[in-house]
Amino acid sequence: MGAFLVSVGAAAHGAQAAVDQLGRMGFSGQKRLGGMYAETVIFPRRMETAAEIYQHPTDGFAFGVGVFFYEGLTGTDALRRIYHSFQGSPNLFDHIVGQFAIVVQKGDVLCVANDTPGLFQVFIDRERGLISSSWLALAASSDGNRLCAQAVLEYIFTGAVLGEDTLFANIDLLPFGRTIVVKNGTLQYVPREMQSPQGNARSE
């Protein structure tokens, strides 16, 4: 499905360790994309040499992992349409169908969003300024991770961790119905209106 890591701001640390972990997981062919306040490292699907990405000639990019459809398009064609449709509102991502995570950098704004039900998981370490499609990559970014007692108990007794917690207190799941927005070097969660993607059907 591909993978990504976003490091936010000059204070972000542990990014290279996370990238190295993704390499150990079998991802290769990394591509680094700079931005005003964040750097994004993307990896294609395993056994592929190029990631699905649309890069604007002068201003930003759109990258996706997983399976996604937008206005009847998929792959790079969909990413091009997503990039040009993006005007800063996270509600755009509710009109994308599939199981995915999308990263859009446009102007001074970077957004990370997943599918509306949250089937494709995105993980955040706000203390280190890191966002990734891989919990293991974030866990490998530092040896200073702190166990989340509640999550550990849930895992022992139910075999799963509920809600937005993970086994480490400093790493969270992207909350349901939220998009990560990075602007002026600040990472925040922005709620989406959770519109039905069917409302985005095009009439040719």
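**View A. The buried side of helix α1 in the predicted model.** Helix α1 covers residues 15-24. Its buried residues are A15, A18, V19, Q21 and L22. They lie on the same side of α1, because they cover an arc of only 155° around the axis.

**View B. Packing partners of α1.** The buried residues of α1 pack against several strands: β1 (3-8), β2 (31-33), β3 (38-43) and β10 (130-132). Helix α3 (135-139) is also a partner. Just after α1 comes G26. This glycine takes a positive phi of about 105°.

**View C. The largest cavity.** A search of the whole structure finds 2 cavities of 30 Å³ or more. The largest holds about 60 Å³ of space. M1 and G2 are part of its lining. So are F43, P44 and R45, along with E48, A51 and E52. F63, G64, V65 and G66 complete the lining. Strand β5 (residues 61-70) gives the most to this lining, with 4 residues. By class, the lining of the largest cavity has 6 nonpolar, 3 polar and 3 charged residues.

**View D. The second largest cavity.** About 30 Å³ of space lies here. M36, Y37 and A38 line this cavity, together with Q105, D108, V109, L110 and V182. The lining of the second largest cavity divides into 6 nonpolar residues, 1 polar and 1 charged.

Terms used. Residues are numbered from 1 along each chain as its sequence is written. This is a predicted model: local features need pLDDT of at least 70, side-chain atom pairs count only at pLDDT 80 or more; totals for chains, interfaces and linings use all residues. Side-chain values use heavy atoms; hydrogens and water are left out. On a 1 Å grid over the protein atoms alone, a cavity is a set of points where a 1.4 Å probe fits but cannot get out, and a pocket is an open set with protein on both sides within 12 Å along at least five of seven lines; lining residues have an atom within 4 Å of a point. Grid points are joined across faces, edges and corners, and a volume is the space filled by probe spheres set on the points. Helices (H or I, at least four residues) and strands (E, at least two) are DSSP runs, numbered from the N terminus. Ala, Val, Leu, Ile, Met, Phe, Trp, Tyr, Cys and Pro count as nonpolar, Asp, Glu, Lys and Arg as charged, and the others, Gly among them, as polar. Buried means under 20% relative accessible area, exposed over 50%, partly exposed in between (1.4 Å probe, protein chains only). The arc is that of the directions from the helix axis to the C-beta atoms. Contact means heavy atoms within 4.5 Å.
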